[in-house]
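Hi everyone, thanks for making the time. I have a structure to walk you through today, so let me put it on the screen.

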Amino acid sequence: MATVDEATGPRPAERGTRRPGGRRARRGGPAALLAAALATVLAAGCTSGRGPADDSRGSTPPPGRTATADPTPSTAPSPTAAAGQVLAVKIDNVRAARPQTGLDAADVVYVEQVEGGLSRLMAVFATKLPKTVGPVRSARESDLELLRQFDRPVLAFSGAQGKLLPLIDREPLEAVTPEDTDGVYFRGRDKASPHNLYLRPGRLLDEAPGAAALTTGFRHGPAPAGGNPAKERTVRFPSARFTFTWSARAKGWELSTDGTPTRVTDGRRLAPATVVVQYVKIRRSAYHDSLGNRTPYTETVGTGRAEVLRDGRSYPARWRRPAATDGTDFTAPDGTPLPFAPGQVWVVLAAAR
């Protein structure tokens, strides 16, 4: 069951039961009580509808504390996903949540707009699994459409708006929250709650499913002809800013977020090989947070323009995704497929104008 970190009312009565096609019950008997107790402790930090609103801002981490630590390692048994399932993790991206952990191991990172014009990330792991990922935060309605392109993906998140939870239950995915699991999540010491919840991917998947599970529609290959030389590209959200600067040394686009170099907890600079600026329609959804702010809904089915950055060049592109179960095709203006560079891909879902 998902915890609620943006609830606008009481939990639906059916939260104590499992509907056909919903998330599977993972424990029974005494283990269920243990999981419930663990979830209560975790929920107290950030997922209660009566606690601080999930405005995505949070507080500043204590000075001098930067390394994520697992203070209470658990040997409790954990659920294991089926072979072939990608792992998608919702990751906090406000200043108080940085630096993140494990983000450099993702194959694809989607940048989404959330309340207040801020951003949140969805990292997708298929070819390798880091030891730890986080900080983990809540899901949004847009995630469900985005995840339909994968075959029953595992979605790790810390909660959702109360009325959204039944929709998540009905989706063809495996939802994993602190309430559902034993020993999969833990609170780190490096940041203040709610920006200190971390996931152990190895407790969910025995091994990475492999590149074949990445049914995104992306093509990888040699750089195409054309394009324009590009040293830097900045993408702005209403309350967030992303700057990608080409580095021949890193063979990627070094990222700065809100004017600060973006690193993971071991100090490495994030530098994806390919950056896609995908222009999409962003509208108001039917859901809102506990402050009454409407959640943006990012439409990723349809067509539109895009810009692809690779190998120090910028390529104008078009994107096309006919249905939610399809991946997204990126083509050059003449209609030929536009291949991405081998390595990590960041897709920034920016508002079309």
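Let me begin at one lysine. Setting aside neighbours within four places in sequence, Lys-231 is in contact with Phe-244, Thr-245, Trp-246 and Trp-253. Before I go further, please keep in mind that this is a predicted model. Where does Lys-231 sit? You will find Lys-231 in the loop between strand 8 (228-229) and strand 9. Is Lys-231 buried or exposed? Lys-231 has a relative accessible area of 71%, so it is exposed. As for Trp-253, this residue is 22 residues from Lys-231 in sequence, and the two C-alpha atoms are 8.9 Å apart in space.

Four strands form an open sheet in the order 9-10-11-12, with antiparallel pairing. Strand 9 (232-237) and strand 12 are the edge strands, each pairing on one side only. Between strand 9 and strand 10 (residues 240-247) there are six bridges, in the antiparallel sense.

Now let me zoom out. The chain has three helices and 18 strands. Of its 353 residues, 54% count as buried. Looking at contacts in the chain with a separation of 6 or more, 68% come from residues 24 or more positions apart. The chain exposes about 14,600 Å², and carbon and sulfur atoms supply 53% of that.

On to the interior. In soluble globular proteins, nonpolar side chains tend to be buried together. Which residues have the most contacts inside the largest nonpolar core? They are Leu-87, Val-89, Leu-103, Leu-199 and Trp-346, in a core of 39 residues. Take Leu-199: not counting residues up to four places away in sequence, Leu-199 touches a list of residues including Leu-87, Val-89, Val-133, Val-136, Ala-156, Val-184 and Leu-204. Lys-131, Thr-132 and Tyr-185 are also among the residues touched by Leu-199.

Please look at strand 18 next. Strand 18 (residues 345-351) is mostly covered, with six of its seven residues buried. Strand 2 (residues 108-113) runs parallel to strand 18, and four bridges join the two. Within that pairing, Val-111 stands opposite Val-348 in strand 18.

Let me turn to charges. Side chains of opposite charge can pair when their charged atoms come close. How many salt bridges does a search of the whole structure find? It finds 15 salt bridges. I picked a few to show you.

Here is one of them: Asp-143 forms a salt bridge with Lys-90, and the closest N and O atoms are 2.9 Å apart. This pair links distant parts of the chain, with Asp-143 in helix 2 (residues 141-147) and Lys-90 in strand 1 (residues 87-92), 53 residues apart. Both Asp-143 and Lys-90 are buried.

Another one is Asp-258 with Arg-98, where the closest N and O atoms are 2.9 Å apart. Here too, distant parts of the chain are linked: Asp-258 is in the loop between strand 11 (252-257) and strand 12 (260-261), Arg-98 is in the loop between strand 1 and strand 2, and 160 residues separate them. Arg-98 has 16% relative accessibility, so it counts as buried.

Then we have Arg-268 and Asp-104, a salt bridge whose closest N and O atoms are 3.0 Å apart. Arg-268 lies in the loop between strand 12 and strand 13 (274-288), and Asp-104 lies in the loop between strand 1 and strand 2, so the pair ties together parts that are 164 residues apart in sequence. Asp-104 counts as partly exposed because its relative accessibility is 26%. Salt bridges can also share partners here, and in that way Lys-90, Glu-112 and Asp-143 are joined into one network.

Arg-187 lies in strand 6 (residues 185-187). With a relative accessible area of 18%, Arg-187 falls under the 20% cut-off, so it is buried. What does the side chain of Arg-187 make a polar contact with? Its partner is the side chain of Asn-196, at 2.7 Å.

That's the tour, and I'm happy to take questions.

Technical notes: Residues numbered from 1 in each chain as written. Predicted model: local features only at pLDDT ≥ 70, side-chain atom pairs only at ≥ 80, totals over all residues. Heavy atoms only, no water. Buried < 20%, exposed > 50% of the residue type's maximum accessible area, 1.4 Å probe, protein only. Polar contact = N/O pair within 3.5 Å; in protein donor to acceptor, adjacent residues only side chain to side chain. Pairing = 2+ DSSP bridges. Salt bridge = Lys/Arg side-chain N within 4 Å of Asp/Glu carboxyl O. Core = buried A, V, L, I, M, F, W, Y, C linked by side-chain atoms within 4.5 Å. Contact = heavy atoms within 4.5 Å. Areas by Shrake-Rupley, 256 points an atom, 1.4 Å probe, with all protein chains shown as cover.
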